[in-house]
Structure formats: structure tokens, C-alpha cells
Amino acid sequence: MGDFLLTIPWAVVLILLPLVGAIACFLWPKKVNQLGLITLGGVFLSVVGLGAWLLENGVYHHAVGGWNAPLGIQLYADGLSLVMLGITALVGVAVSVYATAYFDRSQSERFWPLWLFLLTALNALFLSADIFNLYVTLELLGLSAVALVALGGGKAALNGAMRYLLASLLGSLLFLFGVALLYHTYGSLDLAMLSEQVESTPTVWMALGLMSAGLLLKTALFPLHFWLPPAHASAFSPISALLSALVVKASFYLLLRLWLEIFWPISGSVAGLFGVLGVMAILWGSLQALRQTRVKMLVAYSTVAQIGYLFLAFPLAMGAGVTAWNAVIYLAISHALAKAAMFMAAGNLLRFGGHDRIADLDQLAQRLPLTIAAFALAGVSFIGLPPSGGFIGKWLLLEAALMQGRWDLAVVMVLGGILAAMYIFKVLGYAFTEASKPSKVKTVPVRMEWAALLLASGAILLGFLAPLILPLLAIGTPFDAFSGNEEIMP
Amino acid sequence: MEALSLLQWLIDGLIGIGLLWLAWRALFCPELFKAIVLFIAFGLLMTLAWVRLKAPDVALAEVAIGAGLTGALLLSSWAKLRGFDANKGMGAREKNSEQAEQKTKRPFFHGLYAIPLLLMAVGLGYGVLQLTPYATGLSAVVAENLDASGVSNPVTAVLLNFRAYDTLLEIAVLLLALIGIWSLGIRPSVREATPDPVLDLLTRFLTPLLLLVSAYLLWVGAHAPGGAFQAGSVLGAAGVLLILAGWRLPLSLAGLPLRITLVAGVSTFIVVAVLTMLGGAQLLAFPPSQASLIIFVLEITATLSIAAILAALFLGSRPDHSEKI
Amino acid sequence: MNSSLSIGLLLLGVIWPLLLTLMLTFRGGRSLAQHLAPWAALPALVACFLITPSDVHWDFPGLLLGSALGLDATGQVFLLLSALLWTVAGVYARAYFPLPEQRSRFYLFFMLAMAGNFGLIVAQDLPSFYFGFTLMSFAAYGLVVFNGDVAALRAGRVYIALVVVGELMLFVALLLAVQATDTTTFNAVRIALIDADNRDWIILLAFTGFGIKVGVIGLHVWLPLAHSVAPAPASAVLSGVMLKAGVLGWLRLLPIEDVVLPEWGSFMIVLGGISAFYGVIIGVTQRNPKTLLAYSSISQMGIITLFVGVGMLAPQAWSIILPSIAFYALHHGLSKGALFLGVGILGDSRRRQRCWVWFGLCLPALALAAAPWTSGMLAKNLVNSSVLYAPAPWSSFLPVLLSASAVATALLMARFLYLTRPAAKPFGLVPVTGLVWPWMVLLLAVLLAPWWLGSSLPEQAGKLQMIKSLWPILLALLVTVMVLKMNVFHSLRPVPAGDIFVLIERCFKPLYCMARKWLDILCFCSQIWQRYLFLMIRRVQNIMASILTLERGFTLWSRAIYFVVIIALGISLITFTAEF
Amino acid sequence: MSIAILYALVGIGLFCLGVYALMIHAHLLRKILALNIMGSGVFMVLLALAGRTEITPDPVPAAMVITGIVVAVSATALALALMLKINAITGRAELNDAEEK
Amino acid sequence: MNWNDWLPLLLIASSLIPGLIIFGLAEQRVRLRTTLNLSGSVINLLLVGWMLWGVYHGQHFETRLPLLPGLDLVLRAGPLSLLFVTLSAVLWLLTTIYAIGYLEGSPHRSRFFGFFSLCVSATIGVAMSGNLITFLLFYELLTLATYPLIVHRGTEAARHAGKIYLRYTLIGGGLLMFATVWLYTLTGTLEFTPQGFLHALGDEHRPALVMIFILLIAGLGVKAALIPLHGWLPLAMIAPAPVSALLHAVAVVKAGAFGIVRVVYDVFGINFATDLGVTAPLAWLAAFTILYASMRALYQDDLKRRLAFSTISQVSYITLGVAIAGPMAAIGGVVHLVHQGLMKITLFFCAGNLAETLGIHKISEMDGVGQRMPWTMAAFTIGVFGMIGAPPTAGFITKWYLGMGALEAGQSWVIWVLVGSSLLNAAYFLPILHRVWFRKPPEHWPEERCFGRQETAWMLLLPPIVTALLALGVGLIAATAFSPLAWAKLIAEREGL
């Protein structure tokens, strides 16, 4: 039985299953919740299956259509992809459960197909090793995300969606331009083949510039974050959760892959720029978050700040490769869990009081304890307090920074943590006080509260799971190519 | 040879300049309607360029989709925008917004914006010029494996066999766009009481023709320029015409049957994918012997779906929800 | 008596008052405790009589920092004095405070102080002694401020301040001593201290620390203030017993017997001599008999200080001097106690009663003045014989000084008796039985002390030297009569109680005011600074806020796209430049 | 310089033109037009450079462009629908940049 | 499976699990909550007792879980840990009883007790952590668990206090983390070892190590309220009395002080630290804190604020003892962990009783309160004398050992700091006692509540009396084998001093 399970090509299932689910949901809107949850369950199991396979056999290759590299499209899974897929499935399951309670009938009819398309896109993106195919998945991802944002229906949501759509399309086109240049330089679209051939030529520089800019735009790195807060803050909460937790990470993942696979011989000098932008993102995003008066805007800006951390790894990877990358992936996944939880919590607040004005949270610590607990636990991870995934990530990142004497970055990391604490506890503080004018309240379904709390607990639990996850990440040694010259592991 | 080459240069140069000029005009002429028309013209000129670039498949797709359908979509959107303004009793609205657009232009800043763009253009141009002047890309590999692909048109082979996975996702994108639009819950536009008789006549005449063309394109796609997308878009154009003529899908068909049609393309792909996997092969690995059949089936369903989706995209609102919303 | 029983008895003596205190705090035990409280010192008294001093020494390694309790000969004398006086004062207090609440409050502090006092006497190691001393000192605060009026509060303030200072000095002294000698028992410390590095520091700190309690001149200011305001039984124990605790401290800690300390000896002799006369001179001017008695105590304690100084100069004679000091302390304690208790019953009563009380007062007064057949005479003889051991200049000079002091004391007593004469203003309570009989017991003790204890004293001390002891009294009497005839006392303004403290207070008041003013200015400045800081922070916040509004610029579509282009270009350019 | 390069340069020009228009126009329809023209530019570069050969050009870019065109039309349709919706709600077919000022 | 490997974890669980269950309880389930609370703390005490016995007889209790490659989560019960653990366990029980009484009938009790237990778990974790990263983990957890307690009342002032508290502690935590990572990059280990693990590093690292020391102390100093990092503490007085008691006596402040002990002894090693020249400045800072905070305390009229400044002063004794760098002083410093805890918690309990029973918050309102609440005030008095350092209270033992240690280490200036501190302590505490015992009570108390025959509820009365007796008792039997002092000597011995 076990052997049989290992023969199933889980990676393919991961792509096709949500697509089938999406179609099914589209066809039979009456049963979307059941269909969706079954799909998510299947996806989750498939990730587990893929993980088992990877642990057994190492890297996963799949030549789609039986056509090998330059001609056909390759599916590829290593530890990095696996972890991203895993976190996607995890967040996906939680958001799905949350969504079943959050949306009413007609909303969930519209939500499910789009969300499953999004899931398809994410899984396909994490598994693809072909840069044009990646472009298609990016588009699929972008369009489904935009459509999800637009579900909100209000003025803000539509504006946010539009902004997001335009930015996303621009980003995709920039990426595609890079693909064109790369293809015509090396005659291949396969990441592995490109990585063998790539060298420093003007065409590659331009491709690097365009693709990085496109992906930075999609990742919303400062100062390209303009689309993120309006889109993430105005969408329905489960959707915000998905966008902030997963979608942004997908483009970051792609950028990381490109760097690790293709651009590492030439990108050393750009790493500094990424570092600077990362630093500015942390500071600027945090300060902006601190200024916000609404919870969801605050959380959205917190995403802007947290993205900054991810980019600190680029300058650090020169000297402390694996540590820095591990740190960043850890930060990314814990951010995914925590941010999703936080948006769900924000959704609960919205549902409860009908608003998310921070100053009027009106004793929610008592009235919605689970939600506030979720918010707080997620916040703990952002701040980087132990024990949490954020702590482990930040620890590794700090370690990488200090190993190379990058004091500036180390200081910013600590400072970012403190700023994060300030904005997180701004919300929590008001959750303990009474509002000046009480508002009417609605009950929040238990499922919504628990989904948020469990996810946030997951972010905390990640603090203890490093010995499990770091070896997973090492499958296929995705970071070896760019782990720097000297490996200083104490 | 020289003269021919010079002529070619002249033609290509003219097309290039024309493209740039049309794009410029389409983007910066003050009237929106004119801009859209210019954009359609631009699409047609692009078709020409594709032809010059020896890519008839692309040219077909461009004329049907890039210029045709996009143009139709743009025009109908423009009309709806205007209709909205008119409904709201703001006839001068468009003009106002145009003027506002003019006003918000700040030449100085915009000039400043243009500088890095120019630099980028220079950089890109430099990058392109640095490429090796001769490269065959993957054509050799494609040619080598063409026999096993089941079709003789290399583009179709790439689309539906070598990179069929891309196509699968692409049809998914199309479907997704439609679902996305439907989920916006846009109100159907008011049905015209009496369709324009000329249009009606035209429709009646053109629809069978388009059907035929579509079928031909589909069939020919296996070995000559053409294929599912082109066929689908032509068929879709027929649908657009019907819609313009005021025809609506009967409600009995607007529900599940329509949806099944819409998803047929993707579904067939998935079914094929699953079948190939069950057969122990790679995903979407067609056995060479049955490849042409499989591709044909795929193309038929894809054509149907693409046509339905494109027509539905044009309609914009959900046909089966028109009463509810 | 076997030693464990003895130690048990001793311990009981110390703990019994504590137990009673505890009982007093419980509602259930209160009435019983109130009945038992007057007799709280009884176990100690019994122990004192039953125990043979030499064989009582017991280590309690677990207590505090490792304690040792025991009783030596000196200790026994002190214990005897204390136990007796505490008992008498306790019984006296029962009638002195007719209201039960007041009484239980009094007994609370009274018994705590008592326990401390017994504790320090039986303590054979430094920390336990310090514990007893502390307990006694702080509990006595309750006795000093018992009346709760303004004068009492003032006295309490001065008292507690000096107590704290003294405690801390002692703390440092003990710390230094223990650190220098590495032991905590007195006997070992004393011996080890001889060669200790900072011996002089330790002596200085111990001298001052205990000196505050003893009331050495300069450190005496609390004494007249406190004694005059405390209730009579409290004054009696304060003056009779607690002052002696300081003396005991000196005897226990200072390395007198084994080494000649010429500087310290001379210093103490001089200081003691000055105290002896200073107390009399200020005391004579007083109109409040209790204040006068306080000054008398200062004077008498001066003599003891002098005694100790002599011992420092003549360690070879310490075995003679030590019992003499003990006896002197006993004598003074009993007499002073009797005087204070007597002053407490000079209330507005029938003339005959007042006469009887006055006669009663004459006895301890005479004893203090060293009249023949009194303990005073014995004490004085002892002093006179001891000073002979002092080295050259002192041996000739001190007898004269002592004679003069005797005259002075006699004069002071005469003044006291004049102030308390039956015709004078009534003072204190009406002499009821409950007050009178404990007093009578004490008087009896004063009367009997020479006969009872004389046997244990050196031979020549017991000799009756009629002339020698009588002439100062006669002289004083003469002077008194003359002074009374000349009526100078009426024109004499009394030196305010607390003498130099009042001076110091007056001198410091302007300084204090000035300091306050400067402090106010400082506060004002800091407020201004804070406001300025606040404004600065505000300004920074405003600047930050305006910077943060730049965010709108980032969200402007056109600018955002501009950034995209710039970044794309930037990345390309950076790789380009990195190439060269 | 070959025809391929010529068209590639035209493609670059179209792309940059599109970016510029996307940047400065407020009206959403213009932005959508601009994106389409950008897309055309990219497609042109992609396809033109495939023609750097004497024999039949590389079919893979052609396939990619066809895919790209379909994706572009999907995106355009979604964008237009979104624009219409925004217009219906706000009465303006523009982003809310101005409101935030 | 070896029980000893899991006992430390079990110990934490014994307080954590009741806490987590309590979170889920409905507000009105008082009895169940009380049972959970008390049974948790009793089990905790039993476990601690068992481990005390074991450690005394040389057994090892260590839980080790992997956290990061090369870094484990280590919970180890050594003598030093157990000193702190015991203190926490005992005071947790008492404070729980007190809190049950104190919060009777007030809202949000489930939340309160939940975080309360969490707080204790974190404290125990801090105590038992066997390396710096574990310490950091629990240290931050403590910050988080206390925040809801500080803002418990939900007033604007409470929120503000919470904000300031976090601002200080999280910045401190940031510094701590920074320094810890830095240290890790230098050494590759963070395991607490007697005599430290840094001597092996070469001379070229000395400046870095000095910097790390400064950062660590700054990080820990925030919680230990070293001047000028003390600003949060007086503000945090807004919290309910049991919280203040816990904050000051056991949890937060002590965690900082305990951390300093750990850093000096088990990370740097006292000899190495002295060699680096960092202990002397630390001692000066501690001395300055002791004196300055006492000065500030003089000017406070709010009772709890005065106590807060007193805490700042007293906790620095621990730092001082550690920084003096001698075995005696170390014993003094370490034992003050316990002593200060007992004494200060007494004072806070009493302050809480005054507030809860009579509505008294200010010192100027305390006239004659000794007659109304004699037992409470008796406990208060003992606490005060402990603070002053009068024998036989615990405070005396501390001062004695600190003084001896200072002399032993040839740093006699410390004596004057001790004297000055005692003097100031007397100056700001004795007037309170005077008011309490010797002034006339007013006609009406600000806000009197009646508790029947007793002066106040027995749950409020019992804990301060017990702690006061303990404060008295540990001083009285200091030289026995069961006293904290004896245990501190054991620590000094095992640390190889």
C-alpha cells in the first residue's frame, strides 16, 4: 500500500485536483462548500504524499508530455517547493474552513471556483521549472487573485482590484519580456538548462532587470507596494488572508528560484539593492502600519514590512548562504501562517462589530477572546518573539547577518521587530479598553474563530518545528548553487 | 536579391513605423473612441507584421483575437461607459473625463517619467542587438520530434503536444477570466427592443460562414496555420455577432449545459491528462500512434469552449443569472 | 543547675515576652496576655537568680548566621538589673494605664523592647546581639512617642533618626569586625580584633554606634527629649536599662582587656568627663524633673564612659574595672529607675502622700549623690579605686575630677529634690497602690543593693568612707541653700531640652530653607526641560507624520510605475556596472 | 541588422510606449489599451527574435505568443468588466488616486 | 524512558496546562477554576520538592528538545534554577490564593488566571533554561504573558502603561536577541556552564565580548529595572495588586535579575567577566540604581509607586552582589532573589489589601490604619524592616553577605552604598510605619468594604502573613541547612566559586 501510494505522481495531482475542483464548483454551485473542502483535503494529502516521496527519493522530476527539457515542460519539486506547497495547503485548508462560515450562499458560489483556480495556480507555480509556463501560472494567479479581491464588491475593493490587476499585468509582462530575452539568448525555457548556460551578457542584464522588477512589483517590495494595502485591506478577509499569505509569497518564491537557478552568477551586485529596499520596506511598512486607524489596513501594511525581511537574505546569502535562505523561507512560511491568521482575526472583528476601527475595538479581548488570541499569537510571530516561526527565522537571519558583520541589517531586523510590536500591541491594547460609543454586535461563527486561532498556533508551533522543516528544505539542496564561498556553520 | 531585400526593408520599416505611429495615436489621441478604432487598426497592422515574421498562426490568432475580439470588447465597453453616462444624465461626462485627463497631464513630470523609459528602451535595444544574429532556437528539436507529435503543423505540435500543459493552463486562464467576470455580478445590458435589421441580416448571413471557417481552421490546424484558438475565436466571433444581434441563449441552456460547454475544453484536457497518467505515462504524454486523434479531440472541445467563453466574455454578465440580479 | 535547663530558662526569659506579645495580638488571648504582661520579665528574673553564669553557653548554629547564647558574670549583672527594672516598670505600668486599649498598646512595645533587651544580654555573638539591639531600639520608639503629642513626635523623630544612624554604624562595625576576624562570637572577635587591620575603624564605629544609645556627649540629644515625653515606666526602662545596653555593647565588642589603646582610652576619658559635667550643668537649669533626670543620666553615663576609657588605658586592671562598671551600671539603673517611677506619681494628691513620695525620692537621689550607706557610695569607691590604675597624668587628675563630679551630681540631685518638693507644681499621676508598691519594691532594691552585692565586690570598695562620701553632699546642700536664698533660679532660663540639637536645628533651618528653595528651582527647571522635551517630541512626531504622508505619493499610480521602471533599469545598470 | 532585429526594436518601442501611457493616463480604458500595446510589444520581441534564421522560424515562440494573446484577451476582458463596474459605482472610470490626495 | 528527562518539562506543564484550561472556562465557574489553580500550584510545589531533593543529592534533571540545528531547547534543574523555581512555586500558590480573594466578583477572571498561570510557567521556564536561547524564549514569553495582566483593568491608563511596558521590554528583548545571536556566531554554543564558556575565545574577540556583555545587560536590565531602564515599572503599578506583587517579587523583575546572574556566572564566568573589566561598571550601575531609586521613592505619595521604586532599588542588590565578584557577595546576591521576593510580595499584598478593603492608595491616607487592619500592617511592618535590613529578617542576611562579600573582594565602597540605601529605605519606610501605628485613624476610610469579623477577607489576609513570616523565618534560620542561604551556598559551591 505504501509503495503504491508512492507511485502516485502527487505533483501532478496537486495541479490537476484543484483545477478539477474549480471546474466542479463552477458546474455545481449548490455543493461548492463540500466540493471545495474535499478538494482541499485531497490537496493536503497530496502534499503529504509528495513529501513522503521526496523524503524517499530526493528531487522530483516530471517531464510533461514525455518531452524532455528544451522541448517540453518540466515539473520539478525539491524541498523548497515542498515547503511552499505545504504551507499553501495548510493555509488553504484553514481559509477554506473559515470561508465556509464566512460567506453566504451566493458569495461562496463565486468564491470557491476562483479560490480553487488560485490554488491551482499556486501549486503549478511551485512545481514548474519552465519559465514560460511560470509566466502562464503567474497570469493565472494574478487574474484569480484580482477576481477574488473584486468579490468584495465595494468601491474600495473594486479600486483595489483594478490597481492590483494593472500592477499584476504589468509585472507579468515585464516577466514575459525577460522570458523572451532569455529564450532567445539560450534557446531554452528550462530553469535547469538555463542555469547551466547563463553568463553575464547585456541581454541577461536586461532580462534580470525586467524580470526582477516585474516580480518585485508582484511581491510588493517597497517602493512598489502601492497596490498591496488597498487590495488586501478591501478584500473579504479570507481572501486577504490568501493574498497576503500565499500570493505574495508565490512571486517571491519565483524570484528566489530565478536567483538561485539562473541569476546567481551575475546578481551579486544587485543583492545590495535588494537589501536596501528590504530595509526600507521594513521601516516604511512598519511606520505606515503604525499610522493606520483600521485593523485591516494595519495588517496589510504589516505585510509590506514583512516582505522586507525576505529581501534581507539576498545580501546575506553571499556569505552565509544556506542559513540566510533557510531563514528567509522560515520567515516566509511563518508569515504565511501568521498573516492568514491575522487577516482572519481581522475578519472576525469586522463581522463582530461591523467595523475595524482600532480605537473602537471595545473590549474584544473579553468578547472575542479566541480571535484576539489569534491576533496576538500571529503578532508574536511577526515581532519575532520566541517561541514562534518568526523567531526562528529572525534568529537565523540575524545569525547570517552577524556572521558577516552586517550590523546595519541586524539592527534593522531588531528595530523592525520592535516596530512590529508597537503596531501589533496598538491593536491589542485597544482590545482591552472600552470604546467611546459601543456598536451593535453580531455573533461570529465558532469555526471562524478557531480557524484563525489554529492557524496562529501553527505559526507559534513552527518555532519548535525547525528540526523537522529545515531538513525538508534541504531536499535537493536548492540553495547550494548560491550558498556563497565560505560556509560558516558554527 | 538586393532589390528584393531593399523592398523587404522598406515594407518592414513602414510596418514598424506604422505600428509605432498607430500605437502612439491610439494611446495619446484625445478621443477615446478614436483611440479604440486606432487600436483595432494597430491590431490589423500587427497581423501584417506577424505575417511578415512568417508566423501565420499568430497572425490568424491576432486578427481574430487581438484585433477582432479585443476590439469588440473595447468598443462595447466604451459603449457601455457612454451608455452609463447617458443613463445618468451626464451626456458631457465623457468629454469631461477626457478634459480632466488633459488637465491632469503635467508635461514636466511626464517628461521626467519618459527619461528612464528612454534609457530602458536603449538598454533593451542594446541587449537585443547583442544577441547572436543567427539562432534557430528550438526549431530543430521541434522538427525532429514533429513526427511523434501527431500533427504536422509545428506550432500546433508545440501548442497541443510538446507544451500542451501550457495550453491547458491557458484555457484555464480563459475560463478563469470568465468566472471572474461573472463573479463581478455585472448587470446585463438592457436588451434592445428591436435589433438593427441590417445587423440582423448580416448575422444571419455571417454566422454559418463563420462556423464554416472555424471548422476549416480547426481541421487545417493539424498541418497548416490554424488550430483550436483561431477556430475558437472565429466561432466566438459568430457568437459575438449573434449577441450583437440581440440573440440570447435560451434560459434552459444557460445553466448547466452552458457551463459544461465552457469547461469542456479544460475538462477534456484533464481527462486526457488523467488517462495518460493512468496509462503509466507522463502527464499529457500522448502515444505517438494516437496522438493525432487525441489532439483532434482536444482541439474540438477546446474550440467549442473557447468560442463559448469568448462570446460570454463579450456578453459580460451571467446569462442564467440575469433574472436574479 | 544543669546547663541545658539553664539555657532553656534563659531562652524562656527572652521568648516569653515575645510570646505574650503574640498573644496580645490575638483577640482570643488578649485578656489573658494583658494579665500576664506585667510579669513578662519574670522568667528572666528567675533565670538570673537560678543560673550560675559560667556554665551557660550554648550554640545555635542554625539561628540567624549561627548564634551562641549564654550568660557570663557581666551579663548576669546586666540581666539582673534589666529583669528587675522591667518587672517593676511592667507592674507599675499596669496601674499607670487604666484604659485596657492603651495598656495593651503600651505592653506591645514594652514587651518587644524587653525581649530585645534580654536577647542582647544573653547573646554571645554579634548578629544575635545586633538583633536584640535592633529590636529593642525600634520597639522603644513606640514607647517614646506613646503620648502622641507634638513634643513626643519630635522626640520620636530625633530618636528614630539617631537609632537608624546608630544601627547602621553598628552594622558596618560588626561587618568589619566579623570580616576582619572571621568569627562571630564576641569572645573570639575581641581577641582577634587586637591585630585587625581596620581596628580603629571598628572601634570608632562601635563607639559611636553604641555611644548614641549610651548618650555620650554630642550623641546625647535624643535622651532629654525622649525621657521627658515618654510615660514614666517607659522612661524608667529607657534610662535604667536601655542606656546600659550601649555600655554592654562596648564591653562586649571593644578589645579592652588584652591591649592598651592609649588614644581611645584618653579620648573616652575626656569625653566621659565632659559628659559628666555637661549633663549636670545643663540639667541644673531644667524645670521639668524628667528632663533633669535625663541630663543626670547623661552625666552618669559619662562616668561610665570614663570608666571604660580607664580600662582601655589599663588593661591589666580590667578584671577589677569590669565588675566595677557593671556595678556602677546596676546602681545607676536601679536608682534612675526608681527616680523616674517616683516622678510619675507626683500627682495632685494630698500633701502627706506627696511628702511620702518625696521622701521616697530622696533615697535614690541620695544614692546617686553617693551618700553613705548607699549603692552610690559603693560605686564611687569603686570608681575612685579603679582610676588609680590609670597611667600617670590621669591617675592624679582623675580623683579630683571625680570629686568635683560627685559634688556636681549632688547639686543636681538637690535641684531635683527641690523641683519635686511637695509644694511644687504637681506632676504625673496620683499615687495609687498599684503604682506605689512596685515603686517601693524598687526603692527596696536600691536600699539593699549595697549589702546584697557588696560581698561580690573588691574589698576596699565596701569600706565606708564617711567623710569622703559625705562632704560633696554637704557642700551641695550648702550651695543649694545659698542659691535658694539668693533666688537665682527664677532668673535662670532653662536650656531647652536637647540642648545642642536645638542649636543645630536652628542653624540648619535657614540652610534647609535654602536647600528647599534650590530644590524648587531645580524642579521648576526640570519641568521646563520636560515641557521642552515634550515639545521636541511633538515636533519630531509632526515631522515624522509629514514624512509618512509621503506614502500617498507612493500610491500614486504614475509614480508607482515610474518606480517599477527605475528599479528595472537600476537592476540592469547595477549588473552592468558590476561588470566593469 | 536583420528584419528580426528591426521588429524586435519596434517591439521594444511599443513596449516602452505602452509603459509610458500606462504611467500617465488616468482613464482606465487607456490603461487597458496601454497594457495591450505593451503586450503586443513583448509578443513582437518574442516572435521577431525567432526569425533570426534563414529557414522556417522557431515555432515555439509562435506558440508562446498565441498563448500570450489568449491570456491577454482574458485579462483585457476582466479588466474591462472591472472598469465598467467601477464606473457604475463611482461614476468614473479612473483609479482613486485623486481621492487619496 | 527516564523520568528525570521529563521532569523539568512536567514542571512547566503543571502550571501551563491549568492555565490553558482556565482560558476556556466560563466566567462563573469559580469553583472549578479555583480547584484547577490550586491543584496546579500544589502539584508544582510537589514536583519542585522532589527535584530539590534530587538535586541536593546530585541527580540530574534535564529535558532537551531540538530547536534549531546545533541548538537545543534545554530545561535543566540546577541549584540556581531551583532556587528561583522554588520561589516562584511557593509565591505562585500564595499569590493565587490572594488573587482569588482580590478579584472576587470582578470581571474577566478566567482571562486573568489564565495569563497568571502562563506567567508563572514562563518564569519557571526562565529559571530552568539551560542555555541562552531557551532563556530568551521564556523571557519573551514572560513579557507577553504579563502584558494582558498589566492592561487587565482595561482603562486608558492601563493601556498606556501596557504600551510603555512593552516598549521597554521588547526593546530590551531585541537587544538580548541581538546579543545572543552575536554570541552564538562567535562561539557556536549557548549552553550555560559554570565559569562560563567564553574563556577559550581569543583576545581579538574581547571588544566584541564587552559589547555583547553590554547588550545582554541592557536587555536584561530593562526587566531588572536598572536605571535608566526602569521607566516602565512605576507605570505598571496600574495593574491589580496580585499582578504587581507577582511582577515585582517573582516574575518580571526577577527574571531580569536572574538573567544577569546567569550571564555573569554561566555565560561569561565571573573570572572572565572580571578580567574583561565589565563587572566593575556593572557594580557601579547597580549601586547608582540602588541609591537613585531610593531617592525617588522618597518623593512618592502613591504607596504602590513608592514600593515600585523600592523594588528598583532592591533588585539591584542582586546585580550588585553578582557584580562584586566574590563568593560571599554572590551568595548575598543570589539569596536576595528569594529574600527580596518574599519581602516585596508581602508589601504588595498589604498595599493591595489597603486598596481593596479601605480604598487607600496614597500614603497620606494611611493614618492610623494599623488600628483598623493590624494583621496586614504587622506583615507590612515586617516587610519594611526586611527592606531596611534589620535583623532577623531576610533583608539583614542579604545585606550581611553583600557587605562581607564586598569587604572580601576589597570593595569597601559597597558598604557605604548599603548603608546609604538602608538609610534611605528607613527614610521612606519608617514614616509610613509611624503613620500606620501612631496616628489617629480618620473618621471615614476612602472606600471601606466590610468583611465581617476579620479586618479583611481571609484569602487576602493569609498570603501576606505567610510571606511575612517566611521573610522573617528565612532570616531567622538562615544558617540551617534548609534555608535559602544554605541553598545559595550550595549554588556557589556547584558554580565553582
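This is a predicted model: local features need pLDDT of at least 70, side-chain atom pairs count only at pLDDT 80 or more; totals for chains, interfaces and linings use all residues.

I began with chains C and A: 19 residues of chain C are in contact with 24 residues of chain A. Contact here means that the C-beta atoms of two residues, placed from the backbone, lie within 7 Å.

Next I asked which elements give two or more residues to chain C's side of this contact. They are α21 (550-555) and α22 (557-579) of chain C. The largest share, 15 residues, comes from α22(C). (Helices are DSSP runs of H or I with at least four residues, numbered from the N terminus.)

I then sorted that side of chain C by class and got 13 nonpolar, four polar and two charged residues. For the classes, Ala, Val, Leu, Ile, Met, Phe, Trp, Tyr, Cys and Pro count as nonpolar, Asp, Glu, Lys and Arg as charged, and the others, Gly among them, as polar.

Residues are numbered from 1 along each chain as its sequence is written, and chains are lettered from A and ligands numbered from 1 in the order in which they are written.

On to chain B, which is divided into domain 1 (1-91) and domain 2 (152-325); the bounds come from an automatic or database domain assignment. Over C-alpha atoms, the centres of these two domains of chain B are 24 Å apart. Their contact takes twelve residues from domain 1 and 15 residues from domain 2.

Last, I checked the chain pairs. Of the eight pairs in contact, chains B and D share the most contacts. Chains B and E do not touch, with their nearest C-alpha atoms 38 Å apart.
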